[in-house]
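Look over the sequence and the model below before reading on. The paragraphs after it go through a few of its parts in turn.

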Amino acid sequence: MAKKLPPPAVMLNLTIGHFVSQLIHVAAKLRLADLLKDGPRTAEQLAAAADVQASALYRVLRALASVGVFAETKGRRFKLTPLAATLQTGVPGSMHGFALFINEKYMWDAWEQLLHGVKTDEVPFPKAHGVPVFEYLEKHTQDLQVFGEAMTSLSGTENPAIAAAYKFSGLRTLVDVGGGHGSLLATILKANPKLQGVLFDMPSTIAGAKKDRHVTAKGIAARCTLESGDFFESVPKGGDAYIMKYILHDWDDERSVKILANCRAAMNEKGRVLVVDNVIPPGNDPDWGKLLDIQMLVIGGRERTKKEFGAMFAEAGLKLTRVVPTKCPLSIVEGVRV
């Protein structure tokens, strides 16, 4: 039985959480998990392949092994562990993109302004960079690419869980609002062969979606229409349901209500909105959404409770009908016309 640590020791471990996140960032940058996919290698072999210094890399790997990311064997050799395997690229359940994005310097610079945000109620990200997060990403194409990879990282496990949790088969047309390159929509369409889909996003994003594998796949392309625009202005008309994954959590209540109202105006008479986000539970139990909410505070969005979703829905002329849990941290918040 593991010995329970005293509070000071627990707090010490909490305060150095950034040690581990930065170590993981380095491992992701160097693609160490990819270098180990064919079997164990020495620190020297890995250093030569990654073009870094062996002595420093050994210390990084040893520290990561102490928290279960990689494992050291005889002769200073290291191998993949189940945790380390998630840092591989191009594999199911890969977290490589997210490990890069969440620890990039521009994001840490924004987090350094968190105290300022708490004191002033100003959004930390523009304080650090002079512009909102999405405007920043549009101007920094490499960071935007990594952001896209990060969202793909999360989607690998989330999308199947969302597709399985809700009865999409009863719909004729599903509109994915702000759907990116269409990975969620494609997953839902694949599971529901009679469903038609509309992928809606900004023109630059839709241009990328036309070249991506998701909505151009066989059996999907013929059932999916791509449309571009600004969801603060309007969304495609005639949908039976409007799904939004990780969209409302990017925005404050006023702008979120605007998006919801535009969906209400566009949907069929018996249409519905399906907001896929974290729903913050009451109480003190650990919850991914409670921590992600601080990331959203830093960049200008927020996670919400069921009550807060209900209030936004009501302001947009909708009624929250139910919250559907999934086998991932996200829930599907359903709403219909009042």
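Which helix and strands do the buried residues of helix 13 pack against? They pack against helix 12 (141–165), strand 4 (173–177), strand 5 (196–201), strand 6 (224–228) and strand 7 (241–245), contact meaning heavy atoms within 4.5 Å. Helix 13 covers residues 183–191, and its buried residues are Leu184, Leu185, Ala186, Ile188 and Leu189; buried means under 20% relative accessible area with a 1.4 Å probe, protein chains only. Helices (H or I, at least four residues) and strands (E, at least two) are DSSP runs, numbered from the N terminus.

The model is predicted, with local features needing pLDDT of at least 70 and side-chain atom pairs pLDDT 80 or more, while totals for chains, interfaces and linings use all residues. Residues are numbered from 1 along each chain as its sequence is written, and side-chain values use heavy atoms, leaving out hydrogens and water.

Arg304 lies in the loop between helix 16 (288–299) and helix 17 (306–315). Because its relative accessibility is 1%, Arg304 counts as buried. Not counting residues up to four places away in sequence, Arg304 touches several residues, including Trp251, Asn278 and Phe309. His249 is 55 residues away along the chain, yet the C-alpha atoms of Arg304 and His249 are separated by 7.7 Å. The Arg304 side chain makes a polar contact with the side chain of Asp253 at 2.9 Å and reaches the backbone oxygen of Leu248 at 3.1 Å. A polar contact is a pair of N or O atoms within 3.5 Å; within protein, one must be able to donate a hydrogen and the other to accept it, and residues adjacent in sequence count only if both atoms are side-chain atoms.

How values were computed:
Buried < 20%, exposed > 50% of the residue type's maximum accessible area, 1.4 Å probe, protein only.
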